[in-house]
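Please prepare a short report on the fold of this protein chain and on the spaces within it.

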Amino acid sequence: MLCMLSHPSVAVAALLTFVPFFWAGFCPRSLERTLHCPLWLRILAPALLGLPYALVSRSSGLFRWTWLGLYTLLPVLISLLLYRASLADPEQQGEWRDYLILIFLGLAVDLRWFEPAWGPGLAIFNKILLLDAGIYGFLAIRQLRQVGFDLRLRLRDLRNGLLFLAGYAPIAAALGLWLGFLHFHALIPSARQVVLAWLFTFFFIAVPEELFFRGWMQNLLERRVGPVWALVITSALFGLSHFNKRAAHFNWRYVLLATLAGIFYGLAWRQERRVGASAITHASVDTIWSVWLR
C-alpha cells in the first residue's frame with residue numbers, strides 16, 4: 001500500500017477515500033450542513049466515490065466499467081434508500097431499508113465481494129469506500145441519531161474503553177489459552193511497534209467495525225427489540241462475521257471469542273453511546289492479541 005502511494009493517482013485516490021472518513025469522524029457536525037443542499041444534489045453527491053476506483057484501476061491496469069458503475073451507483077442507491085427510509089420512519093425506529101443496507105454492506109465486506117476490483121495490497125480502498133457510503137447515507141441523509149461517531153476522544157471514552165477491556169481481557173485470555181486459540185509470543189515487541197499497531201487497528205479496524213455494529217446496527221435494533229436483545233443479537237452477528245478468519249473452515253473458537261468481545265464492546269458503546277469508547281476497547285483487545293497472544 002505505501003509503495004503504491006508513490007503513484008500520484010493512487011495518492012489522490014487515497015485522499016478522496018480517507019478524507020471523508022476522517023472528516024466525518026473529527027467534524028461530525030459538518031454532515032448536518034448537507035440538509036441545506038438541494039435534494040437531488042444530496043442524493044447524487046456520493047457518486048464521487050467512484051472516482052478513487054477510476055484513479056487506482058487506471059494506474060494498475062485493472063479498470064473495468066462494471067466496477068466503476070458499482071462504486072459510482074451503489075452509494076447513490078444507498079442514499080436514495082435511506083432517504084426513503086427517513087420519510088417512512090421519521091421516528092427512527094428502524095425500517096426494512098436500514099437493515100437491507102446493513103446486511104448488504106456487512107456481507108460485501110466480510111465475504112470480500114468487491115475486492116477483485118483492486119490490485120494486491122489495495123483492498124482497504126474497498127472497505128473504506130463502502131464505509132464512506134454508509135457514513136454519508138446513515139448520517140448525512142438518514143440523520144440517524146445517537147450513533148456517537150465522534151473521534152474527538154474524551155477522558156470518559158478512555159475510562160469506559162479501558163473499563164470494559166479490563167472486564168473482557170482476563171476472560172478472553174483464559175478461555176483462548178484453554179481452547180488452544182491463543183498462544184504466547186516468544187518475542188516482546190518494542191513500545192513503538194505496540195503504539196503503531198494500536199493506532200492502525202483503532203482507525204482502520206476498530207472504528208469502522210464499531211461504527212457498523214454498534215453505532216448503526218445495535219443502535220437501530222435497540223429501538224425495535226430493546227437494549228438487551230439488541231446487545232445479544234449484535235454481538236452474535238459480530239461473532240459470526242469472524243467465521244472465516246484465520247481458518248479454511250468455520251472457525252468456531254474465533255466466533256465464540258468474538259461474540260463475547262462484542263458484548264463488552266457493545267456495553268462500552270452503550271455507556272455514553274460513543275463509538276470512540278468501544279473502539280478503544282476493540283483496538284486494545286486486537287493489539288494485545290496480535291502483539292502478544294496470536
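Helix 8, residues 191-225, contains 35 residues, yet its end C-alpha atoms are only 43 Å apart, short of the 51 Å that a straight helix would reach at 1.5 Å a residue. That expected span is 1.5 Å times one less than the number of residues. Helix 8 has a kink of about 45 degrees, centred on Phe 202; the bend at a residue is the angle between axes fitted to the seven residues ending there and the seven starting there. After helix 8 comes Gly 226, with a positive phi near 90 degrees.

This is a predicted model, in which local features need pLDDT of at least 70 and side-chain atom pairs count only at pLDDT 80 or more, whereas totals for chains, interfaces and linings use all residues. Residues are numbered from 1 along each chain as its sequence is written, and side-chain values use heavy atoms, with hydrogens and water left out.

The chain has 11 helices and zero strands; these are DSSP runs numbered from the N terminus (helices H or I, at least four residues; strands E, at least two). The radius of gyration, taken over C-alpha atoms, is 19 Å, close to the 19 Å that the globule rule (2.2 Å times the number of residues to the power 0.38) gives for 294 residues, so the chain is as compact as a globular protein of that length. Its C-alpha trace spans about 55 × 45 × 40 Å along the principal axes. Of the 294 residues, 49% count as buried, meaning under 20% relative accessible area with a 1.4 Å probe, protein chains only.

Two spaces are compared below. On a 1 Å grid over the protein atoms alone, a cavity is a set of points where a 1.4 Å probe fits but cannot get out, and a pocket is an open set with protein on both sides within 12 Å along at least five of seven lines; lining residues have an atom within 4 Å of a point. A volume is the space filled by probe spheres set on the points, which are joined across faces, edges and corners.

| Space | Volume | Lining residues |
|---|---|---|
| Largest cavity | about 40 Å³ | six nonpolar, no polar, no charged |

Here Ala, Val, Leu, Ile, Met, Phe, Trp, Tyr, Cys and Pro count as nonpolar, Asp, Glu, Lys and Arg as charged, and the others, Gly among them, as polar. Helix 1 gives the most to the pocket lining, with four residues. Tyr 71, Leu 74, Pro 75, Leu 129, Leu 130 and Ala 133 line the largest cavity.

Technical notes
Buried < 20%, exposed > 50% of the residue type's maximum accessible area, 1.4 Å probe, protein only.
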